[in-house]
Amino acid sequence: MIGSVKELDSIFTRERRKDFSESIKDYFEDLQTEVITSIGDKYKMISFLDRCIRYWPYRCGATGINDYLKAIDIEKTNPKSDTDSLFTLELIVNLLYWAPKQDSIDNHNADFSISFKKNDVENESERLIQNAEYILEQCCNMKVRKEDDDECPRYYITKRDVVVDSAVIAVPELSEYLLGYYDVRNQEDLEYKKAALIAIYGYIEPHRKEYKGLSCSTIVEEFFACMNSFGIRHNTKSQIKMTEKKKKVVYDKLFMVAVYILQAQNINQIKDEMKQIRESSSDKQNK
């Protein structure tokens with residue numbers, strides 16, 4: 001039977017079994033391998049990226065990759081944790097996106113240019129970006145998020161979350177906080193998490209009456225009660241005291257609740273539209 005045909009086992013269907021630390025180690029080794037350009041010259045991508053960071057708009061005075069990482073207390077050759085590895089990968093991804101532009105600038109000076117006939121740097125950068133995205137998706141359920149800027153785009157590694165993406169569609173004006181909440185740079189940043197919750201509260205509060213007629217009304221009221229009791233909006237003696245560890249748990253749970261609330265009005269509108277379509281279709285069939 002056609003419906004019961006099972007896809008044949010192949011190299012494309014076999015499950016990949018590789019953890020993050022192993023994958024990231026192989027990735028950084030790949031950056032060290034020699035690449036042959038279209039005219040036969042050889043170079044290492046990591047060496048070119050080390051040059052690129054000197055002109056990258058967000059270098060903060062760094063003269064090399066190691067110099068930049070040391071300033072944020074990360075050893076490139078010996079990361080202390082997966083988070084350090086993610087930060088390092090985030091820097092590399094940003095430099096890979098910048099590399100073709102730097103190569104284009106260097107192209108005006110034959111002493112520095114790598115790409116004379118074909119855009120070798122762009123091709124290699126695309127390959128390495130794709131590999132980084134694959135590692136993030138398969139090992140960490142993460143993705144690379146682009147944030148446009150007047151000078152140059154920034155790229156952040158963030159958790160993949162369909163629910164948050166849906167909330168961004170519903171409330172695009174909060175996109176910076178919604179998308180940034182799960183960025184690797186903000187995972188342990190309680191001040192950022194607190195600021196994001198306050199911004200979301202500021203959006204929801206004027207619509208408080210509108211939520212009363214929805215099924216999520218009790219959830220909305222609990223969200224407001226928690227925001228006003230856990231020292232997030234106020235700093236009075238009556239606030240519930242929490243440890244840093246407890247704060248992170250509470251903030252993350254409140255964020256999940258807030259994301260649900262932000263979608264409520266949109267979902268309720270879709271529900272009414274679906275009901276109208278269903279009833280309209282039913283009336284036509286009965287005629």
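Trainee: Which way do β3 and β4 run, and how many bridges join them?
Mentor: They run antiparallel, and six bridges join β3 (residues 142-147) to β4 (residues 154-159). Strands here are DSSP E runs of at least two residues, helices are H or I runs of at least four, both numbered from the N terminus. Two strands pair if DSSP finds at least two bridges between them. Keep in mind that this is a predicted model: local features need pLDDT of at least 70, side-chain atom pairs count only at pLDDT 80 or more, and totals for chains, interfaces and linings use all residues. Residues are numbered from 1 along each chain as its sequence is written, and side-chain values use heavy atoms, with hydrogens and water left out.

Trainee: What joins β3 to β4?
Mentor: A hairpin, through six residues.

Trainee: And what stands opposite K143?
Mentor: T158, in β4.

Trainee: New topic. How many helices and strands does the protein have?
Mentor: Eleven helices and four strands.

Trainee: How much of the protein counts as buried?
Mentor: Of its 287 residues, 38%. Buried means under 20% relative accessible area, exposed is over 50%, and partly exposed is in between, using a 1.4 Å probe and protein chains only.

Trainee: Which residues touch the most other members in the largest nonpolar core?
Mentor: Y27, L31, M45, L49, I65 and I92, out of 41 residues. A nonpolar core is a set of buried Ala, Val, Leu, Ile, Met, Phe, Trp, Tyr and Cys residues joined through side-chain atoms within 4.5 Å.

Trainee: Which element gives the most to this core?
Mentor: Helix α4, with nine residues. Strands β3 and β4 are among the elements that each supply at least two.

Trainee: What does Y27 contact, beyond its neighbours within four places in sequence?
Mentor: Its partners are L89, I92, L96, L128, I129, N131, A132 and I135. Contact means heavy atoms within 4.5 Å.

Trainee: What does the second core include?
Mentor: That separate core has 36 residues, including V171, Y201, F224 and L262.

Trainee: Now F223. Where is that?
Mentor: In helix α10, residues 217-229.

Trainee: Why does F223 count as buried?
Mentor: Because its relative accessibility is 1%.

Trainee: Which residues does F223 touch, leaving aside neighbours within four places in sequence?
Mentor: F223 is in contact with Y201, I204, L254, V257, A258 and I261.

Trainee: How far apart are F223 and Y201?
Mentor: They are 22 residues apart in sequence and 8.7 Å apart in space, C-alpha to C-alpha.
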